[in-house]
Amino acid sequence: PSKPGLSNSEMRAELTAILDRCAADNLNAVIFQIRPQGDALYDSKYEPWSYYLTGKQGLAPEGGFDPLEFVVEEAHDRGLEVHCWFNPFRANHPSQRGELSSRSVARRTPSIVKQYGSYMWMDPGEQRVQDWSFNVFMDVVERYDIDGVHIDDYFYPYPSYAKGADFPDGPSWQAYVDSGGTMTRDDWRRDNVNKFVERVYKGIKERKPWVKFGISPFGIYRPGEPEGIKSTFDQYAMLYADCKLWLQNGWLDYFTPQLYWKMDGDQSYRILLDYWNAQNTMNRHMWPGNFSGKMSPDLGDWPAQEILDQITFTRDRGDEGNVFYSMNTFMRDYKSINELLTTGLYKRKAIVPASPWLDDTPPDPPTCTLDRKNGLLTLAGAGKDDRFYAIYADKGDGLQLVRETSVERTQIAGLGLSNATTVAVSIVDKSGNESTLQQLP
C-alpha cells in the first residue's frame, strides 16, 4: 500500500488501479511482493500479517480481506499472470514500526535470527531457517492459484547494512565444522543458498509443475566477469549467490538479472545481457530486469529512449520479455512512457511465452459463442489445467489479440466485437501453451 493503515476499500482501489494500468499498457504479468521480511501480505499459516498493511505487525485487515487472493482473481480476469515475490531470509527491516508479532520468526525462534546493523536476518546456515522459509513458500504454492514464485538479490545481507561487518553465523558455521564439514566458510555459505534454491525449485514442481520459479539476482556475476565490465561489488563473494550455477543447472524457469545500467558504459546493458545469454545452457526464459524507475528525476533522469532501446536490444537478442522495476514507472508515467510503449513496442498485446520444459502439449480449443448483435461473447470449453481465454479480432488491421481473461469468466462484452470481420478465441493453459483458434461466426 501507499502507506500502512489504509482501509480495505482504499487498498482494493490502489490494487485495482495498478492492475488496470498494467492491462492498459499491454503488460502481461505482475510480480507482487507478499513477504518483505518474515511477514505476509496474505493469510499465512506461518507468519504474521505485515506491518505495511495495517500499521501493526500481526494485525489482520478487517473483514478477512486477503490482498493476494484479491490480486490473483483480479489479475487473472485482466489476463495478467501473478508471480509472488518473497524475501527468503530477511526477518525485519528498519522501516518496521512497533513491536514484532509473537508469530514473527525473530520472536518464535530468536536463536536462528541475527541482528545485522539495523536489520534482522535469518541465518541460512541453520536447517530450521531452510525448512521455515521453504514451508512458507510451499504453503503459498499449495493454497493460492498463482503463476510464479519470485526471489531477488537478497540472500545473505548486503555488507553495507552493517558497515562491512561479517555476518554473525558463528554457531551454525561451528556446527558444520564439528559435523566434519570441509568446505571453506564462503563456499559453505554459497552451498546453503544453492541448496535452498534447488529445493524450492523442485518443491514447486512436486506440487504444481506449471508454477514458474524466477530469480532476479544482482546483474553482474563477479568483478571482471564478463570482461569489460567494471564493478566494485561481488555478489558471489558478498551475498554468496552463485546465480550462474542456478541458471546452468536449470533450477529456475526464468532468469531476470538486474541489468540496472545504461546500454553503454562501465556496466553495459549490451555486454551483460550477452554474457547471461551465453550462460543459459538450459534454454530457460531470459527476461532481464530493467531499472525503468531511473527515468524519475529523483533517481537518474534517464530519457525514455534508454528504456525503449533496452527493450529493443532484448528482442534483437531473441529474448522474449523484460521485467520493470518498479510499477511507479507506469503509475507516475515517467517521461510519458505509457503512451510511448502503447503506440510503439507494446502496441499489441502478447501472451506470456510458453515454458515447454514444463509442458508442451497445447490444450483443446474452446467452444465459445458470439452474439454479434450486442457483442456478447460466451466463453466455454476450458479444462482444469487452463488459465486464460485469448480473444482475437480483426477490426481492419488484421487479426490481433484484444483481450485475455480468466477461464473462470463465462461471458464478456465491451470489446467491440460486433463489427469485427473476424473473431476467434483460443485457450492458454497454465504452462503457456495455446490451443488452435476457434473462429466464431
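## Helices across the sheet

Let's start with helix α3 (residues 67-77), which lies across β1 and β2 (81-86) and runs at about 150 degrees to β2. Helices (H or I, at least four residues) and strands (E, at least two) are DSSP runs, numbered from the N terminus. Angles, from 0 to 180 degrees, are taken between N-to-C directions of axes fitted to C-alpha atoms, for helices over the stretch in contact, where contact means heavy atoms within 4.5 Å.

This is a predicted model, in which local features need pLDDT of at least 70 and side-chain atom pairs count only at pLDDT 80 or more, while totals for chains, interfaces and linings use all residues. Residues are numbered from 1 along each chain as its sequence is written, and side-chain values use heavy atoms, leaving out hydrogens and water.

## The sheet itself

Six strands make an open, parallel sheet in the order β1-β2-β6-β7-β8-β9; strands pair if DSSP finds at least two bridges between them. β1 (29-35) and β9 (285-286) stand at the edges with a single partner strand each, so one side of each has no neighbour in the sheet.

## Salt bridges

What links Lys205 and Asp253? Their side chains meet in a salt bridge (2.6 Å, N to O), meaning a side-chain nitrogen of Lys or Arg within 4 Å of a carboxyl oxygen of Asp or Glu. The pair is 48 residues apart, with Lys205 in helix α7 and Asp253 in the loop between α9 (243-249) and β8. Lys205 is buried at 16% relative accessible area, and Asp253 is buried at 0%; buried means under 20%, exposed over 50%, and partly exposed in between (1.4 Å probe, protein chains only).
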